Amino acid sequence: MPQLPAPAYPAEVRARLEADAKEVIARYPDSRSALLPLLHLVQSEEGFVSRTGMAFCAELLGLTTAEVTAVATFYTMYRRKPSGDYQVGVCTNTLCAVMGGDAIFDRLKQHLGVGNDETTEDGKVTLEHIECNAACDFAPVVMVNWEFFDNQTPESATRLVDDLIAGRTVEPTRGAPLCSYKETSRILAGFPDERPGAVEASGGAGPASLIGLKLAKGEEPHPRVVAPRGESTRGESGPADAPQNPDHPAGPSAEEGA
């Protein structure tokens, strides 16, 4: 059956969102380019992108609700249903998975009593598996409201969600201090993070991500990947450059420079 039109925001909410939305739209030469930040803005109001929020975006940008829905359903950072104060995402992409991401996700599902994309009964935590966060050198990675918690284990991730539920202070491994999902959405909409020291704490990439750049700039000594000729890397079994057994399935070693 066709759905009824989305209900409107209350007048005071509409006035506040419209003022913010006009500020966002003014940043772009073409108003429709403001759709992504506007979706974050309406998400900061309700904690997800509702039909009311999509109708609001469509009206202000001169788009159809179908056009707005197509974008809101394409990007996974937009929630389509009410969610918790803390979005806990466990990376289960290849490297994180083999380093323990799958085990972390299974432990949290059991510990919290929820499945993927489900929220705890107290409304505190929404759990989901997420795709690569471009932090493979810190695998396995858990994100809370898009802040990094690196090198996690099932035990540390369990303590993390328990602290979130209990209201204890939780510090990301790197990046800005943690805030609620609604507050995070407003920041992603392009509004300043006004918490003292939050911007300075956001920092950049971690040291494991920067080692290649430092090597390229000569700021770090290049590690030796092969032993000097004549030195053994295999104990007393022979020199490091000794040829392989010709009968081995891999065949003999190629000559240097071949």
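**View 1. Proline 140 sits in the loop between β3 (125-130) and β4 (142-144).** The peptide bond that leads from alanine 139 to proline 140 is cis, and its omega is near -5°. Strands (E, at least two residues) and helices (H or I, at least four) are DSSP runs, numbered from the N terminus. This is a predicted model, in which local features need pLDDT of at least 70 and side-chain atom pairs count only at pLDDT 80 or more, while totals for chains, interfaces and linings use all residues. Residues are numbered from 1 along each chain as its sequence is written, and side-chain values use heavy atoms, with hydrogens and water left out.

**View 2. Alanine 134 lies in the loop between β3 and β4.** Alanine 134 is not a glycine, yet its phi is positive, at about 55°. With 68% relative accessibility, alanine 134 counts as exposed. Exposed means over 50% relative accessible area, buried under 20%, and partly exposed in between (1.4 Å probe, protein chains only).

**View 3. Asparagine 145 belongs to the loop between β4 and β5 (147-149).** Its phi is near 50°, a positive value in a residue other than glycine. Asparagine 145 counts as buried, at 1% relative accessibility.

**View 4. Leu36, Phe74 and Tyr75 form a nonpolar patch on the surface.** Together they have about 320 Å² of accessible area, computed by the Shrake-Rupley method with a 1.4 Å probe; for residues, only the protein chains shown count as cover. A salt bridge is a side-chain nitrogen of Lys or Arg within 4 Å of a carboxyl oxygen of Asp or Glu. Phenylalanine 74 lies in the loop between α4 (65-72) and β1 (86-91) and is exposed, with a relative accessible area of 62%.

Terms used:
Patches are made of residues with over 30% relative accessible area and no salt bridge: like charges are joined within 9 Å, nonpolar side chains (Val, Leu, Ile, Met, Phe, Trp, Tyr) within 5 Å.
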